[in-house]
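Please read the points with the model in view.

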Amino acid sequence: GIALSERTAIPNLLKRIKGLGCVWRKWDGSWRISDDVRAGLANFLDRELPPDRITELRSRLAGRAEDRADSFSPDGQITSYRTREARFEAAYQQLHLPGRSQEGAQLFVDIWRKATLDGRTATANAADYVSDDLRVEHLPVEVLFLKGLAARSRGDKHGAEKYFREVWERGRPGDIFAIAAHLFGNLVGDQTVAERALRDSIEWFPDRTHRGQVWHSLGNLLRRQPSHWLEAEAAYRTSIDLLPSDALRANTWHSLGNLLARQYKRKGEAEQAYRHAIRTDQHPTGQAEVWHSLGNLLSRQSERYGEAEVAYKKSLQLRHDPHHQGQVWHSLGNLLSRQRSRMEESEDAYHKSLQLLREPDDQAQVWHSLGNLLKKETSRSEEAEDA
């Protein structure tokens, strides 16, 4: 009802909007409306404008976003961010358009595929956030996949399992279905269902690295039952054959060593697997885990107690987070407790472990070990009972 030309009215309207307290300019030059206002504004527009006008508006916004993304030249991190943001906006608008929701969902996944590791996490989190705006009975499977990744990144195991299950149950050959099946198989408690999901994952995506990683997960699943140990070993060896580099294979060698270490007659093979993992693992964190496992293996042989102690101390040197350090000090305390002349050192190791471990279950195990140590001296039976 304002008697102004469109050329004058639109800039004045934008100026008024940008002057509101709920609107601000971001570091990259774009404008943002606060989340609580944005949701209310979207609901207001849905009520006040006819559906065909909303569809036209979203179509124009999607087209503008695509044009903006195409206009950026690939010349740096900021430009890559702006391009990804523009394509994300286009995908978001397409999701709401009749007949184009699948196109928008596919664009979301394409953005995720092309992003760096950090960019993938950001894309999944953003897709999870905006999916709450969608008024559709069934979210596209691509959006469910990204919601599962977002839940996984924030530590929501229940949410991740729920979304990955939905993707797996609607599964077919393709990378996102195979990845979802793999991640779901690692989360679900039902071993039969987990095995089905992992085998589907192997079948659905032929990429060697992917298949090698899933065979490793399948080996971890099968080793839970001694009756399946031969199958677990075969799965680990298949993983080692498929993975393209020593760095990727190192973790599987560690898992294979853990499986072989459970079999008394295969201690030598277990040690070889651990040492192969140590030689090929490029990360101190992974090496520390293997040195701990190797120490546990060597500690079962009295003539190799010295080597076991060296392994535990190397593990402590390589990784410094409290939980790992607490676990290794417990193992070292157990080793020292078997040597009568070193009981004082053993007790000291247990106390260091108790200072570092935070979980009650972990602490309970150490108190049990300390009690077993103290009961060897009759003068300390009360302390043993307390422990």
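1. Helix 7 passes helix 9 in a left-handed crossing (the near helix is turned anticlockwise from the far one by less than a right angle; helices are DSSP runs of H or I with at least four residues, numbered from the N terminus). The model is predicted, with local features needing pLDDT of at least 70 and side-chain atom pairs pLDDT 80 or more, while totals for chains, interfaces and linings use all residues. Residues are numbered from 1 along each chain as its sequence is written, and side-chain values use heavy atoms, without hydrogens and water.

2. The axes of helix 7 (residues 141-153) and helix 9 (residues 175-187) come within 11 Å and cross at roughly 40° (axes are lines fitted to C-alpha atoms over the stretch in contact, with angles from 0 to 180 degrees between N-to-C directions). Helix 7 is therefore oblique to helix 9 (angles under 35 degrees count as roughly parallel, over 145 as roughly antiparallel, 65 to 115 as roughly perpendicular and the rest as oblique).

3. In this contact (heavy atoms within 4.5 Å), Val-141, Glu-142, Phe-145, Leu-149 and Arg-152 of helix 7 meet Ile-176, Phe-177, Ile-179, Ala-180 and Leu-183 of helix 9.

4. The axes of helix 13 and helix 14 (residues 267-280) come within 8 Å and cross at roughly 160°.

Definitions and conventions:
Helix = DSSP H or I, 4+ residues; strand = E, 2+ residues; numbered from the N terminus.
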